[in-house]
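Thank you all for coming; please have a look at the structure on the screen, and I will then walk you through how its parts are arranged.

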Amino acid sequence: VLVGVERPGLPWPLESSLAELERLADTAGADVVATTTQRLDAPNPRTFVGTGKADEIAELARSHEADLVIFDDELTPSQQANLEKVMDKSVKVIDRTALILDIFAQRAQSSEGKLQVEMAQLKYRSQRLLGQGLVLSRLAGGIGTRGPGESKLEVNRRRIRERLTDLRRELDEMEKQRTLRRQSREKGCVPVVAL
């Protein structure tokens, strides 16, 4: 289900933006079963759309047996979480950015491209770890390790930071290798042609 919000001052017509979103969804492999719009002066800070519209979107997804709702605008992590509470448990809510990142992930061919997409996805996900810190884990027993331990949110954030550091290191290494290859081509007087 595609959702668009018409607001004053939009740089392009809502219809063309939703048509583009439908093509993006098709590219990602999603079948669009319904589209809905709402006219607002400003986005609702809680659910982006009005609460009545959020219920209407949930019913639309239920009636079409949709498992994905895609918003044309960027959602804040709390808006996304609040919308997912309104939907059935099987329905996921994403925004245009998440859809585009998914397409890039599907299409990335080179190892460098795959690493860059993974970095972008991790940065995007790290902003959406909201509210996952309620479950506390105990650290292994022993002196100096007693206590509530790290929250699940802290653990997830740390793992993402560590993975981002690893990815940056790998990308830097690839850049060094590419520079060395370029220098050896230039020294060898090999003609280089780009098409």
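Let me begin with a pair of helices, where H1 passes H4 in a left-handed crossing, a crossing being left-handed if the near helix is turned anticlockwise from the far one by less than a right angle, and right-handed if clockwise. What you are looking at is a predicted model, in which local features need pLDDT of at least 70 and side-chain atom pairs count only at pLDDT 80 or more, while totals for chains, interfaces and linings use all residues. Residues are numbered from 1 along each chain as its sequence is written, and side-chain values use heavy atoms, with hydrogens and water left out.

The helices (H or I, at least four residues) and strands (E, at least two) are DSSP runs, numbered from the N terminus. The protein chain has six helices and four strands, and from the N terminus on its elements run β-α-β-α-β-α-β-α-α-α.

Two packed helices are described by the angle between their axes and the distance between the axes. Here the axes are lines fitted to C-alpha atoms, for helices over the stretch in contact, and angles run from 0 to 180 degrees between N-to-C directions. For H1 (residues 14-28) and H4 (residues 96-107), the angle is about 35° and the axes are 9 Å apart. In contact, which means heavy atoms within 4.5 Å, are residues including Leu-21 and Leu-24 of H1 with Leu-99 and Ile-103 of H4. By class, this contact of H1 with H4 has seven nonpolar, three polar and four charged residues, where Ala, Val, Leu, Ile, Met, Phe, Trp, Tyr, Cys and Pro count as nonpolar, Asp, Glu, Lys and Arg as charged, and the others, Gly among them, as polar.

Now to the second pair, H5 (residues 111-126) and H6 (residues 152-187), which pack at about 155° with their axes 10 Å apart. That angle makes H5 roughly antiparallel to H6, since angles under 35 degrees count as roughly parallel, over 145 as roughly antiparallel, 65 to 115 as roughly perpendicular and the rest as oblique. The crossing of H5 and H6 is left-handed, and the contact between H5 and H6 has eight nonpolar, three polar and eight charged residues.

Next comes the sheet, which is open, has four strands in the order E2-E1-E3-E4, and is paired in parallel; two strands pair if DSSP finds at least two bridges between them. Strand E2 (35-39) and strand E4 (92-95) stand at the edges with a single partner strand each, so one side of each has no neighbour in the sheet. E1 and E2 pair over five bridges, whereas two bridges join E1 (residues 2-6) to E3 (residues 68-71). Val-3 has Thr-36 as its bridge partner in E2 and Phe-71 as its bridge partner in E3. Helix H2 (residues 51-63) lies across E1, E2 and E3, and runs at about 175° to E2.

Finally, which residues have a positive phi although they are not glycine? One is Phe-48, with a phi of about 70°, in the loop between E2 and H2, and another is Glu-65, at about 55°, in the loop between H2 and E3. Phe-48 is buried, with a relative accessible area of 4%, whereas Glu-65 counts as exposed at 74%; buried means under 20% relative accessible area, exposed over 50%, and partly exposed in between (1.4 Å probe, protein chains only).
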